[in-house]
Amino acid sequence: MNLQESGRDAASADAGHTAAPAALADTRTVKIECRDVNVYYGEAHALKGVDLDIYENEVTAFIGPSGCGKSTFLRCLNRMNDTIDTCRVKGSINLDGVDVYNRAVDVVQLRAKVGMVFQKPNPFPKSIYDNIAYGPRIHGQARTKADLDEIVLTSLEKAGLLDEVHDRLDQPGTGLSSGQQQRLCIARAIAVSPEVILMDEPCSALDPIATARIEELIDELRGNYTIVIVTHNMQQAARVSQRTAFFHLGNLIEVDETEQVFTSPKNEHTQGYITGRYG
Amino acid sequence: MTDTIKDPGFEASAALGDAQRRIRRRYAAERRFKFFGLAAILAAVGVLVVLLFTIVSSGYPAFFQTRIALDVDLRDPTLEQADPAKANYRKIFDDALAASLPGITDTKELRELRAMVTAAAPYLIRDRVVDDPSLIGREVRMELPASDRIDQLQKGEIDRNVAPDRRIVTDNQIAWYDRLDADGRISAPFNSGLFFNADSRFPELAGLWGAIVGSFYALMVCFFLSFPIGIAAAIYLEEFAPKNRWTDLIEVNINNLAAVPSIVFGLLGLAVYIQTFGLPRSAPLVGGMTLALMALPTIIIASRAALKSVPPSVREAALGVGASHQQAVLHHVLPLAMPGMLTGAIIGLAQALGETAPLLLIGMNAFITSAPEGITAPSTALPTQIYIWADSPERGFVSRTSAAIIVLLGFLVCMNAVAIYLRKRLEVRW
């Protein structure tokens, strides 16, 4: 009870902070505009009134302790929460001005536009080629075999995997190392030409070298895509993101330029978390 | 470790002694635990070995059938090329017998002699001639099945030292048997009739072909009903059904159905398929439909388990690139779950193959002397054939019952082997 109240206080106290950077950043385009997003799992109130703007061609990092709702929020952005029966989402999430929870929005189209990379590398148990070709195939994005080849190769190229796998595209994707598998998953997400890529702790199952490769990749991809990344690793958030949002107990506590958040956080919770006092 | 045990301090060593005792007790408990497990497995294997040994030792004689070679004279004037089926084959057979053992004229003795060869001998000769009319006008040596009592005598099942009024073969028959044996007219080749003959009142002619065909038809009906229905139900329940009180109720009921005694399904089949729908009695169609009811819960439960064991990450990956729910299931989940589903289906069918009670109730234990021509023709099935034979008084059916059990077990082993092979083969694809 106490915790919840303090969380709510923090959230209301926060409203002022979020407004200020938004005003500063008016040269950037807002890609996703979230207003008063509430998520319930059955009776549990998992996400409480989140207001957040995600800018185009930027990396936005969600940080916060486990169970703070950052993954839940990420999964609202492409409606992956739909698969959970007890999950209800309220509020508005506007992607390019259209509410993704609008009845008229086709969830399949939405997910083609908002791709996702998961915590654990999860390539299909198919060949590397088929892994990437699957998305374009079901969306009918390639008219000929040559088109499809082109998509597969450019996606692998963009994911920085082409040099490593070009001679074994017919091998199973599950035979790659976990770092390569994760880049394969990124290539798979890119292949359907999304505008936004959501990454749910994409490096948590990887070793530091593979992590570094992915982080470089994220930085390269930023030019063409809007990226939202959930991470437990604060150094990672500091390295890859331009903006950082800190979640705590289902509240969005603070969102600002990454540098701002990490050098002079406005909220004591944020301060506590990034200095390692809890989390 | 050893250093500390030698520690001279009294309290410390007492504590250590305590600790050592605990460790010893723990090891002893572990050994006991392993021993009990091993004993349980040995007991189970022992029972299985005893069972198999009993069945095989009592069943193997049935795989051989005593035959008596007779010189059949087909120069009889009643035989005509144009209509070979119309002749006095009884007389032809009697003449052949008399020629093999000359000097027997007494009518009573002749009857005894005739009883040494299967009662269907004249018909067997006729069938041979009808099949091959070119035999007419020649003398042909035919190996005819000996009657059950001579078969038993040849196999040593009958004690010659027992008083004649207490055994089923007479002294005369034993003497004639020995004469025929000395002439090289007795043989005991592999009994292919056991597989390729239909049922018969005479054990020496009775075979399993009708039952095998009947079981095959019934299983086909069962498979084509229960596999699609079971898989569709499993996919719907596992992937699409909302989780609410109704689906919970359905799930509980399916699990309970798997435990319903099979005879109840038989009653259902009798009441619904035969009484209400008026489908034919004793038919593999009805048998298969009844068995499908029994196989369905097994298939649904196994298929749901197979679907559940597909990692959710595969589903998420598919949804993440924008596959619809149905595409994710059809393209990714189902191929991964298929080996498990097939295994479940085959094990369900293997259970159905061995099921007897429901088939008894729908009349598949009828006495039918020909293989069914289709799924609506009356027929028996392997387990009901075993039941019929086990119930028959003739000595020859004792070993034939065991032989039929061996055949049934053979089919079951084959089906399970196919299940294992399919699972292995489909799984190593990636």
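## Buried cysteines in chain A

Cys76(A) counts as buried, at 0% relative accessibility. This comes from a predicted model. Cys68(A) is buried as well, with a relative accessible area of 1%. Both values fall under the 20% cut-off, so both residues are classed as buried.

A search of the whole structure, over all chains, turns up 0 disulfides. Cys68(A) is in no disulfide. The nearest cysteine sulfur to that of Cys68(A) belongs to Cys76(A), and it lies 13 Å away.

Cys76(A) has its closest cysteine sulfur in Cys87(A). The distance between these two sulfurs is 6.1 Å. A disulfide needs the sulfur atoms within 2.5 Å, so the pair Cys76(A) and Cys87(A) is too far apart for a bond.

## Helix packing in chain B

Helix 4 of chain B covers residues 107–114, and helix 7 of chain B covers residues 171–182. The two helices pack at an angle of about 60°, with their axes 10 Å apart. That angle makes helix 4 of chain B oblique to helix 7 of chain B. Their crossing is right-handed.

## Residues at the helix contact

Which residues in helix 4 of chain B meet helix 7 of chain B? They are Glu109(B), Glu112(B) and Leu113(B). On the helix 7 side, the partners are Asn172(B), Gln173(B) and Trp176(B). The contact residues divide into 2 nonpolar, 2 polar and 2 charged. Leu113(B) and Trp176(B) are the nonpolar pair, because Leu and Trp count as nonpolar. Glu109(B) and Glu112(B) are charged, and Asn172(B) and Gln173(B) are polar.

Methods: Residues are numbered from 1 along each chain as its sequence is written. Chains are lettered from A and ligands numbered from 1 in the order in which they are written. This is a predicted model: local features need pLDDT of at least 70, side-chain atom pairs count only at pLDDT 80 or more; totals for chains, interfaces and linings use all residues. Side-chain values use heavy atoms; hydrogens and water are left out. Axes are lines fitted to C-alpha atoms, for helices over the stretch in contact, and angles run from 0 to 180 degrees between N-to-C directions. Helices (H or I, at least four residues) and strands (E, at least two) are DSSP runs, numbered from the N terminus. Angles under 35 degrees count as roughly parallel, over 145 as roughly antiparallel, 65 to 115 as roughly perpendicular and the rest as oblique. A crossing is left-handed if the near helix is turned anticlockwise from the far one by less than a right angle, and right-handed if clockwise. Contact means heavy atoms within 4.5 Å. Buried means under 20% relative accessible area, exposed over 50%, partly exposed in between (1.4 Å probe, protein chains only).
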